[in-house]
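Visitor: I would like to go through this model with you, starting with a ligand and its surroundings. Could we look at it together?

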Amino acid sequence: MPPAQTVLSGIRPTGNLHLGNYFGALKQFVQMQHTHRCFFMIADYHSLTTHPNPANLQANVKQVLAEYLACGLDPNACTLYVQSHVPETAELYLLLAMHAYKGELEKTASFKEKARKHPENINAGLLTYPVLMAADILLHRAHKVPVGKDQEQHLEMARDYARRFNRLYRVDIFPEPEAFHFTGNLVKVPGLDGTGKMGKSETGNNALFLTDNELVILNKIKKAKTDTGPKGPGEAMPVEIANLLEISHLVNSETAAYYTGLYHDGSIRYGDFKKHLAADLWNFIEPIKKQIEEVRRDESYLEQVMAQGMEKAKESAGRTLNMAREAIGLKPIYF
Ligand code: ADP
Ligand code: TRP
């Protein structure tokens with residue numbers, strides 16, 4: 001049997017996880033942990049590009065770790081670690097940065113968007129965000145990277161950096177990593193406000209979090225934008241309704257199929273649909289929320305998981321860095 005392929009992915013500790021993170025990324029992590037050699041990390045270095053509050057950072061890291069565990073990641077089946085606990089990441093980032101060009105970094109969609117939103121804070125870390133992400137992936141010589149659709153361009157860049165390094169130094173150290181989703185298509189879970197993807201940092205009513213309670217969910221769904229409804233059969237569906245049905249499909253495909261049918265008949269009542277959707281969402285979120293709260297209370301377990309993950313990740317990282325250092329002509333220094 002060929003050796004299992006390696007998987008790496010990460011989520012930034014910038015807030016509680018939402019359904020987009022779950023269906024775009026985390027659900028895949030849980031499924032892959034038993035069939036692949038998996039590394040899942042909490043990308044705290046990445047969160048520094050937007051200057052988080054130092055007082056909250058450690059708590060946010062633990063919260064994401066608790067959410068990973070509550071969703072079913074098993075620290076004995078995969079390696080769960082915090083990015084900054086493995087500073088080897090920063091060394092590989094430096095080595096890769098020597099072959100990352102300003103022009104290509106400036107063209108990255110995520111950089112352009114962040115620079116537009118925060119013109120007062122266009123730092124070098126933001127510009128080189130994709131290089132750090134490539135370092136995360138190449139550090140374990142990963143083949144597959146389960147992520148949502150918004151990360152596609154970053155993955156293409158990681159492939160470029162892998163290929164470039166191998167070619168320049170005439171080695172075959174880094175596999176070209178692929179963005180991965182079980183369905184074959186990367187997913188983008190829409191937000192509730194009808195404007196695009198569900199996101200942690202979007203403000204207001206946009207995201208449904210794994211920590212939301214029943215009332216919060218009901219209120220968010222009630223407030224979600226709708227139109228006045230179809231005037232008869234066969235009317236084209238507005239994007240806000242399509243988005244709500246897409247979310248509905250994720251948590252209960254029967255409800256989604258039923259109300260899609262009613263929409264096309266022209267007989268849907270949004271009030272009924274929203275009540276049904278909120279109930280399905282709560283059914284889905286409630287057990288995860290309870291589990292998050294339970295895991296979060298056990299600080300010493302969380303510390304133990306982080307320490308165990310750090311050790312396993314450092315071993316894999318040191319091996320890769322020795323190869324990369326040697327290829328470049330630097331002395332291998334990891335044992
Ligand atoms: P956010 O965008 O909410 O700040 P992150 O950037 O930390 O979250 O994303 C972590 C993972 O979750 C990435 O793999 C990302 O592609 C995925 N993800 C985030 N939002 C969505 C979404 N709305 N749909 C699908 N996947 C998503
Ligand atoms: N950049 C990713 C995001 O914003 C998070 C991330 C950091 C990541 N390093 C990674 C994802 C490595 C996959 C692999 O969502």
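Guide: This is a predicted model. An oxygen atom of ligand 2 lies 3.3 Å from an N or O atom in the side chain of R12.

Visitor: Which side chains have an N or O atom 2.7 Å from a nitrogen atom of ligand 2?

Guide: The side chain of Y129 has an N or O atom at 2.7 Å from a nitrogen atom of ligand 2, and the side chain of D136 likewise has one at 2.7 Å from a nitrogen atom of the ligand.

Visitor: How much of the accessible area of ligand 2 does the protein cover?

Guide: On its own, ligand 2 has 370 Å² of accessible area, and the protein covers 91% of this.

Visitor: Which residues come nearest to ligand 2?

Guide: There are 14 residues around ligand 2, and the nearest are H46, Y129, M133, D136 and Q151.

Visitor: And which element gives the most to that shell?

Guide: Helix 8 does, with four residues. By class, the shell comprises eight nonpolar, four polar and two charged residues.

Visitor: Changing topic, what volume does the largest cavity have?

Guide: Its volume is about 30 Å³.

Visitor: Which residues line the largest cavity?

Guide: The lining consists of L96, H99, Y161, R164 and F165. Helix 9 (residues 152–168) contributes the most to this lining, with three residues. By class, the lining has three nonpolar, one polar and one charged residues.

Note on methods
Residues numbered from 1 in each chain as written. Chains lettered and ligands numbered in written order. Predicted model: local features only at pLDDT ≥ 70, side-chain atom pairs only at ≥ 80, totals over all residues. Heavy atoms only, no water. Near = heavy atom within 4 Å. Polar contact = N/O pair within 3.5 Å; in protein donor to acceptor, adjacent residues only side chain to side chain. Areas by Shrake-Rupley, 256 points an atom, 1.4 Å probe, with all protein chains shown as cover. Helix = DSSP H or I, 4+ residues; strand = E, 2+ residues; numbered from the N terminus. Nonpolar A, V, L, I, M, F, W, Y, C, P; charged D, E, K, R; others polar. 1 Å grid on protein atoms, 1.4 Å probe; cavity = no way out; pocket = protein on both sides within 12 Å on 5 of 7 lines; lining within 4 Å. Points joined across faces, edges and corners; volume = space filled by probe spheres on them.
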